[in-house]
Structure formats: structure tokens, C-alpha cells
Amino acid sequence: MSITPYIVGNWKMNGTRAMLTEARAIDRAAKRFPGVQVGIAPPFTLIHQLREEVTEIGVGAQDCHVEGSGAFTGDISGPMILDAGADFTIVGHSERRAMHGETDELVRAKAEAAQAAGLGVILCVGETEAERDSGRAEEIVTAQLEGSLPRTERAPYKLSVAYEPVWAIGTGRVPLVSDVGAMHRAIRAKLLEVYGADGAESRILYGGSVNAKNAAELLAADEVGGALVGGASLSAESFAAIMGAAGAGSE
Ligand code: PEP
């Protein structure tokens, strides 16, 4: 990888204040890999405290409402996320698309709202197993991307795309490295089509069952600029091993 690799942990709905100990260990580990950009997206409830406890890593949210404030019970806005101390947010994760009915249009609006608030964005896309089996995965993922990408003037600013095949998330299954490379090349082509030359700046992360053992191989695939990591980011030991794989690949 010629660009600074970006390794991000998505803690999902895991973590109480007891997990701050793990966050501190992750922060110490990140210091050993200065050539790697590291972030953690804890649940909203931990953002503020985590930000206070770490110095080496970025802190992010896992979702962001399209409005800045108002009568949206249970939701959290971009300005609130920023105020809590986060620097980025994930949008369009497949769990939100599937369980909260999030459409490409809504994901795009969330990405635009997050950027307007000054947050970096990690925009997730990925195909289901049936879509992969149909042989149309690239067509489906690039269409999802076309519909979800932010289109404001600052759109490519601090934007990363995470390619996360739905069937690989939390299952221990990963695509062939050649399939990851092919999908990432297709995503890069779409970014260049939408943003022109600026589309070369966004990192494209792979996500889905990345662990200490498979990280080096996945991170070496074409156009892979980092990883979005679920389960393996909950322990400093396994997350540090992934940072190490990214650090070695970037030397
Ligand atoms: C995720 O949900 O973003 C993810 C990649 O999860 P896991 O690493 O556990 O498959």
C-alpha cells in the first residue's frame, strides 16, 4: 500500500466503560505503528470518555442523523457527534441498511450531513451472498455506491469507502483476495467517475471477518487502503496484530 493504511474498529453495540481499558491498550499499540492511521467507533455512549482517554487514535460514531437537531427521539446528529469529541462516523453499515431499512438515498444524506458537520465519513457498501452467487456483485455494489456517495462540493473530503460483503461480516468467511482486488478496482473506477481526479484520494477499506491471520493477505490486495474490523477490534491483542500487518505492508 503506498498510502497511509487506515485500520478502523467498529465496536457495534459492544462496550461499557469497562472497555476503556481495552481502548487504552489499543491506543498504546497504535503508538508502535506510526505509519498506520487507527480509529475506533465505539457506541455513542463511550465516544466522549474514549476521546478523553486516547491520544494516538481517531474516535468515530457508527451512524449519524441527517438533521442537526430536532424532534428525532433516540437519534444523534453530526454536530453532537463532533461535540462529543469524534472525528469521523461510519454510515450505511449493512446492519443498518438491513435492520433499519436504510436506503442509498438516506445513506447519502447521512454522509452529506456528517461532512457538513466537519466529520470524516466511512461509507459502507457490500453485496449479499445471493447477489455474489448471481455473478452480479460488482454491478450491485457500484450501483449502491453511486446512490450513496455524498455529492456536495466537499464530498471527497475525508471520505473513505468500506467494501464489506454482507456474507463475510461476523461469519469467519472471506472472499478470495482476487475478488477483493477486483471489487476495489471497480469501486475506485466509480469514485473517479463521480469525483474526477479527487476520487483517487479516498481510501477503500476491506471489511468482513478480518483477523490477525488473514489481515496481511487482504491488505495486500489491489486498491485496499485499510480495513474496517468488527469482532477482532474488541481485543487490543488481535487489533494490534492487524495494525502490525498494515504497518508491515506499508513499509
Ligand atoms: C463489520 O461489521 O464492520 C465487520 C467487519 O465485522 P467483522 O469484522 O466482525 O466481520
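**A close look at H184**

A: Leaving out residues up to four places away in sequence, H184 touches Y163, I204, L205, Y206, D222, E223 and V224. Keep in mind that this is a predicted model, so every number here is computed from predicted coordinates. H184 itself is part of helix 8, which runs over residues 177-195. Is H184 buried or exposed? Its relative accessibility is 0%, so H184 counts as buried, the cut-off for that label being under 20%.

Now for a loop residue. S77 sits in the loop that links strand 3 (58-61) to helix 3 (78-83). With 3% relative accessibility, S77 falls in the buried class too, because that class takes in anything under 20%. If you skip its neighbours within four places in sequence, S77 is in contact with C64, H65, E67 and G68.

One of those contacts, C64, leads us to the cysteines. How many disulfides does the model have? The count is zero. C64 is in no disulfide, and the nearest cysteine sulfur to it, that of C124, is 13 Å away. As a reminder, a disulfide is a covalent bond between the sulfur atoms of two cysteines. Both of these cysteines are tucked away: C64 has 0% relative accessibility and counts as buried, and C124, at 1%, counts as buried as well.

On to the ligand. Around the ligand there are 14 residues, and those that come nearest are K12, H93, E164, G170 and S209. By type, the shell splits into four nonpolar, eight polar and two charged residues. G170 comes in through its backbone, with an N or O atom 2.6 Å from a ligand oxygen. S209 also uses a backbone N or O atom, and that one lies 2.7 Å from an oxygen of the ligand. As for cover, the ligand taken alone exposes 290 Å², and the protein buries 95% of that.

Notes:
Residues numbered from 1 in each chain as written. Predicted model: local features only at pLDDT ≥ 70, side-chain atom pairs only at ≥ 80, totals over all residues. Heavy atoms only, no water. Near = heavy atom within 4 Å. Polar contact = N/O pair within 3.5 Å; in protein donor to acceptor, adjacent residues only side chain to side chain. Areas by Shrake-Rupley, 256 points an atom, 1.4 Å probe, with all protein chains shown as cover. Nonpolar A, V, L, I, M, F, W, Y, C, P; charged D, E, K, R; others polar. Helix = DSSP H or I, 4+ residues; strand = E, 2+ residues; numbered from the N terminus. Buried < 20%, exposed > 50% of the residue type's maximum accessible area, 1.4 Å probe, protein only. Contact = heavy atoms within 4.5 Å. Disulfide = S-S within 2.5 Å.
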